[in-house]
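Dear colleague,

Please find below the structure that I am handing over to you. The notes after it set out what was found, topic by topic.

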Amino acid sequence: MTQPEGRCVLAVDVGGTTIKGAVVGDDGRFRHSLTVPSRADDDPVKAVRSLCLQLRDDALALGATPAAIGVVTPGLVDEVYGVVRYAANIRFRDVPLRALIGDDLGLPVAVGHDARAAGVAEAVAGAASGLDNFLLLPLGTGIAAAVVVHGAPVPGATGSAGEVGHMPVYPGGEPCSCGQRGCLEVYASAGGLARRYARLGGTPGLDSRGIADAVATDRVARAVWDDATQALGTALATLTLTLDPARIVLGGGLADAGALFFDPVRDALRAALAWRTPPPVLRSAFGAQAAQVGAAAMARREAGLPVPDGWGAPELVPPVA
Ligand SMILES: [Zn+2]
């Protein structure tokens, strides 16, 4: 049995732009990180497998023995069988990730959904510490929620619970990439905000951060910002009425805007609820690293290792470069 000081887990977050890997020590500290572009290989599955092998070798070179690996992806993920059924952003379809990586590395493999894994991280040591019922919405390119009920992220009947980005908030509204109209993520994802801003005549090339900075002085920025926070407040009201979460945690670039973002979202949520008080709406503690910390926690559970409250706290995780 490996002693705790020499033991680690490997954590991999497969995204549309980058694949991020980390060697995470027994204390939850990131000992080593590795990032490669998702398009580094024509074969996206091969790119993930190569990174996992590299990560294992890096861990061994550090004198750390991996006990398991956790790999999380977007899309429809069957966590029981360890298969990514469909993920358009990373070009995966029916990929038996657990079997492939298990054969490559000879380690136990946990396969999970990135947003649900982020929910695990927030529950263990983040903005939802100690809570059994909460929602986490990372507002990135799209919007998928971790719906945590009785302490577990809910996968749903087909592994597609939490796809709240396609919740209609403005029926008959602007078209979405999914084929519907008026979806939440058209208005309130970082990607959607930037697209709307450009389309409505804003300064070319501005991303969601730039739009946040321009809200006070730029009429178009103000308008798309107001639409985004109103759309999100409306969606959160529906989710609150359905699930009665103890807390709602928001992550992603828009949440970095602080009160400029949270105040109108909280106002819109309160205004949409007639008879009940809204749950507190807080910012994610881990930001862009949440899914990776969650993948590490899932790997530990897969290896039969404990994940105590506070494990992998944000101060142990290096900021995104
Ligand atoms: Zn949609």
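Strand β9 (residues 134-138) and strand β10 (residues 146-149) are paired in the antiparallel sense over 3 bridges. Strands here are DSSP runs of E with at least two residues, helices are DSSP runs of H or I with at least four residues, and both are numbered from the N terminus. Two strands count as paired if DSSP finds at least two bridges between them. L136 has A146 in β10 as its bridge partner. Strand β10 is also joined to β11 by 2 bridges, and these two run antiparallel; here V148 has P153 in β11 as its bridge partner. The hairpin of β10 and β11 has 2 residues between the strands, and H150 takes a positive phi near 50 degrees in it.

**Basis of the model**

This is a predicted model, in which local features need pLDDT of at least 70 and side-chain atom pairs count only at pLDDT 80 or more, while totals for chains, interfaces and linings use all residues. Residues are numbered from 1 along each chain as its sequence is written, and side-chain values use heavy atoms, with hydrogens and water left out.

H166 and C178 both lie in the loop between β11 (152-153) and α4 (184-188), so the pair ties together parts that are 12 residues apart in sequence. H166 counts as partly exposed, at 31% relative accessibility, and C178 is also partly exposed, with a relative accessible area of 39%. Buried means under 20% relative accessible area, exposed over 50%, and partly exposed in between (1.4 Å probe, protein chains only).

**The sheet of 5 strands**

An open sheet is formed by 5 strands in the order β3-β2-β1-β4-β8, with mixed pairing. Its edge strands are β3 (30-37) and β8 (109-113), each of which pairs on one side only. On average, neighbouring strands of this sheet are turned by 15 degrees against each other, direction ignored. Strand β2 (residues 18-25) is joined to β3 by 7 bridges, and the two run antiparallel. I19 has V36 in β3 as its bridge partner.

Helix α1 (residues 44-61) packs on the sheet, touching β1 (7-14), β2, β3 and β4 (65-73), and its direction makes about 155 degrees with that of β1. Helix α9 (residues 290-302) lies across β1, β2, β3, β4 and β8 and runs at about 135 degrees to β1. Contact means heavy atoms within 4.5 Å. Axes are lines fitted to C-alpha atoms, for helices over the stretch in contact, and angles run from 0 to 180 degrees between N-to-C directions.

**The aromatic cluster**

The structure holds 3 aromatic pairs. Rings of Phe, Tyr and Trp (its six-membered ring) pair if their centres lie within 6.5 Å; planes under 30 degrees apart count as stacked, over 60 as edge-to-face and the rest as tilted. The rings of W225 and F261 have centres 5.9 Å apart and planes at 70 degrees, so this pair is edge-to-face. W225 lies in helix α7 (residues 219-243) and F261 in helix α8 (residues 259-272), so the pair ties together parts that are 36 residues apart in sequence. Are these two residues, W225 and F261, buried or exposed? W225 counts as buried at 1% relative accessibility, and F261 counts as buried at 1%. The rings of F261 and F262 have centres 5.5 Å apart and planes at 85 degrees, so that pair is edge-to-face. W225, F261 and F262 form one aromatic cluster.

With kind regards
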